[in-house]
Amino acid sequence: MPGEQPKLHNLIKLNTNENPYGPSPAVLAALQAEAADSLRLYPDPDSSRLKAAIADYHGLQANQVFVGNGSDEVLAHVFQALLKHDLPLLFPDISYSFYPVYCGLYGIDYQTVPLNDQFEIVIDDYLRPNGGIIFPNPNAPTGIPLPLSAIERLLQANHQSVVVVDEAYVDFGTESAVSLIHRYPNLLVTHTYSKARSLAGLRVGYALGDAALIEALVRVKDSFNSYPIDRFAEAGAIAALQDEAYFQHTRAQVMASRSALVAELTQLGFEVLPSGANFIFARHPEYDGEQLAQGLREQAVIVRHFKKPTRIASFLRITIGKPEAHTALIAALRTLIKATRT
Ligand SMILES: Cc1ncc(COP(=O)(O)O)c(C=O)c1O
């Protein structure tokens, strides 16, 4: 289940990793321009303009780009088209909760690979026969990033299957694997407009990789829905991509707020895992995670708590918000945590 979208207003909503800043004004203008008579026409089934813009942005060819209705839909096609084999698919035991769901839907055999005691992905543990490998970088919900060198080491050792790096949160300080695509034809990287581009409501995601992988995705997509990206989504996504200054400014603000929040939570006695994402994963050694989440909710601050697996039940996943949201969060936590160190 995704994080809840409560109907109540005036809540401090730090539970679904949305961007606290709105989309670029250029996106809003592009959407308004798109609200026209042309809506009676179907959109471009190939999303060619968007693909060309994405390819150009990443220094790739248009036939190395696949776009879809949010990266969840892109991932669904990836699982169906590329990850169903006799050998099991590998992914971390603590990771994006949709991966086992897609495996269930498409009948894909999988094995989970445990994170180490520091909640890190250990590349050596993936060096065994497999039908594919997928993990987010940074990982979710831990937020911990893997360096590019680790991903390259995996690709050097694993030529026999597709390696998918889900880079939903990559723009918040994690190294992207896109630069490796031209050397490793079995690497597929997925991105989304929902996080750093502030467009979760527009539903645009994409995959980058060798043209043969992209062609396999297109074949599955064409058997499912010829027009996954509507006219608004294509126009808005292109405008977002063109406003580099806004993108750089807002992601820098999110990363600066993340550093400030980590410092404040550490002061309160929290252990915070290193984050390369727009959220942090934190626990307090003396307080129960579920009770803290409930105590925050009673003060109208919503964060995410996972009861399972039990290894992470003590943690809270907190989305990076605006500074005023963090002020409210810290004030609410102070009422719950008596033994402050300040
Ligand atoms: C790791 C990861 N991948 C993919 C997604 C899907 O994002 P979207 O469908 O909004 O592009 C999410 C959303 O939270 C995520 O956490």
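Figure 1. The residues L213, I214, A216, L217 and K221 of helix 6 are buried. Viewed along the helix axis, these buried residues fall within an arc of 155 degrees, so they line one face of helix 6. An α-helix has 3.6 residues a turn, so residues three or four places apart point the same way. The face turned away from the buried side of helix 6 carries the exposed residues A212, E215, R219 and D222. The structure shown here and in the other views is a predicted model.

Figure 2. Helix 6 comprises 12 residues, 211-222, and at 1.5 Å a residue should span 16 Å; its end C-alpha atoms are 16 Å apart, which agrees.

**Figure 3. The largest nonpolar core.** This core holds 96 residues, of which V78, L188, V189, A207 and A282 touch the most other members. Helix 3 gives the most to the core, with 7 residues. Residues of the core come from both domain 1 (12-22 + 245-336) and domain 2 (25-242), so the core lies between the two domains. When residues up to four places away in sequence are not counted, V78 touches L83, V164, L188, A207 and L217. Of these contacts of V78, L217 is one of the buried residues of helix 6.

**Figure 4. The contact between the two domains.** The chain is divided into domain 1, made of 12-22 + 245-336, and domain 2, which covers 25-242. The centres of domain 1 and domain 2, taken over C-alpha atoms, are separated by 26 Å.

Figure 5. Buried in helix 8 are Y246, T250, R251, V254, R258, L261 and L265. The cover over these buried residues includes strand 9 (271-272), strand 10 and helix 10 (323-336). Helix 8 is followed by G269, which has a positive phi, near 100 degrees.

Figure 6. Q242 is found in helix 7, residues 231-242. With 16 other C-beta atoms within 10 Å, Q242 is partly exposed. Although Q242 and V27 are 215 residues apart in sequence, their C-alpha atoms are 9.3 Å apart in space.

Figure 7. Most residues other than glycine have a negative phi, and most peptide bonds are trans. The peptide bond joining N137 and P138 is cis, with omega about 0 degrees. P138 lies in the loop that runs between strand 5 (132-136) and helix 5 (148-157). A cis peptide bond also joins A140 and P141, where omega is about 5 degrees. P141, too, is found in the loop between strand 5 and helix 5.

Figure 8. N17 is not a glycine, yet its phi is positive, near 55 degrees. This residue is found in the loop between strand 1 (12-14) and helix 1 (25-34). N17 has 24 C-beta neighbours inside 10 Å and therefore counts as buried, the cut-off being 20 or more. S47, likewise not a glycine, has a positive phi of about 45 degrees. S47 lies in the loop between helix 1 and helix 2 (48-58). With 26 other C-beta atoms within 10 Å, S47 is buried.

Note on methods: Residues are numbered from 1 along each chain as its sequence is written. This is a predicted model: local features need pLDDT of at least 70, side-chain atom pairs count only at pLDDT 80 or more; totals for chains, interfaces and linings use all residues. Helices (H or I, at least four residues) and strands (E, at least two) are DSSP runs, numbered from the N terminus. The expected span of a helix is 1.5 Å times one less than its number of residues. A residue is buried if 20 or more other C-beta atoms lie within 10 Å of its own, exposed if 12 or fewer, and partly exposed in between; C-beta atoms are placed from the backbone. The arc is that of the directions from the helix axis to the C-beta atoms. A nonpolar core is a set of buried Ala, Val, Leu, Ile, Met, Phe, Trp, Tyr and Cys residues joined through C-beta atoms within 7 Å. Domain bounds come from an automatic or database domain assignment. Two residues are in contact if their C-beta atoms, placed from the backbone, lie within 7 Å.
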